[in-house]
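Work through these exercises with the sequence and the model open side by side. Try each task before reading its solution.

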Amino acid sequence: MRSSVEIYQEVTTILVDLFEVDPNSISEDSLLYDDLDIDSIDTIDLIIKLKSYTGKKIPPEDFKSIRTVRDIVDKISELLAHD
């Protein structure tokens, strides 16, 4: 199982690679929409990328409650814990 630190690092890499987010602007408390300019269309791309990382389908409705990078890490940890 991957640790929260490993998941955070992967999420950060995805945000930098996919959306050209400045890595220095990313923290666990970064708000996806307000701080990182990730919009609803970007969220779909993020879900697809996270699926390839986890090997699990992430229901889009699960993302309705996700606001921060920490929320993503927590959701991925939760999905991976159910192996």
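Predicted model: local features only at pLDDT ≥ 70, side-chain atom pairs only at ≥ 80, totals over all residues.

**Exercise 1. Which residues have the most contacts inside the largest nonpolar core, and which elements give two or more residues to it?**

Solution. 
Step 1: count the core. The largest nonpolar core has 24 residues.
Step 2: pick out the residues with the most contacts inside it. They are L15, L50, I72 and I76.
Step 3: list the elements that give two or more residues. These are α1 (4–19), α2 (40–54) and α3 (69–81).
Step 4: look around I76. Setting aside neighbours within four places in sequence, I76 is in contact with I7, L50, Y53, T54 and I58.

**Exercise 2. How do α1 and α3 pack, and which residues make the contact?**

Solution. 
Step 1: read the geometry. The helices α1 and α3 pack at an angle of about 125°, and their axes are 9 Å apart.
Step 2: name the arrangement. That angle makes α1 oblique to α3.
Step 3: The crossing of α1 and α3 is right-handed.
Step 4: list the contact residues. From α1 come S4, I7, Y8, V11 and L15; from α3 come V69, I72, V73, I76, S77 and L80.
Step 5: sort them by class. The contact of α1 with α3 has nine nonpolar residues, two polar and no charged ones.

**Exercise 3. Where are E20 and D37, and are they buried or exposed?**

Solution. 
Step 1: recall the background. Most residues other than glycine have a negative phi.
Step 2: check E20. E20 is not a glycine, yet its phi is positive, about 55°.
Step 3: check D37. D37 also has a positive phi of about 55° without being a glycine.
Step 4: Exposed means over 50% relative accessible area. E20 has 74%, so E20 is exposed. D37 has 60%, so D37 is exposed.

Notes:
Residues numbered from 1 in each chain as written. Heavy atoms only, no water. Core = buried A, V, L, I, M, F, W, Y, C linked by side-chain atoms within 4.5 Å. Buried < 20%, exposed > 50% of the residue type's maximum accessible area, 1.4 Å probe, protein only. Helix = DSSP H or I, 4+ residues; strand = E, 2+ residues; numbered from the N terminus. Contact = heavy atoms within 4.5 Å. Axes fitted to C-alpha atoms, helices over the stretch in contact; angles between N-to-C directions. Parallel < 35°, antiparallel > 145°, perpendicular 65-115°, else oblique. Left-handed = near helix turned anticlockwise from the far one by under 90°. Nonpolar A, V, L, I, M, F, W, Y, C, P; charged D, E, K, R; others polar.
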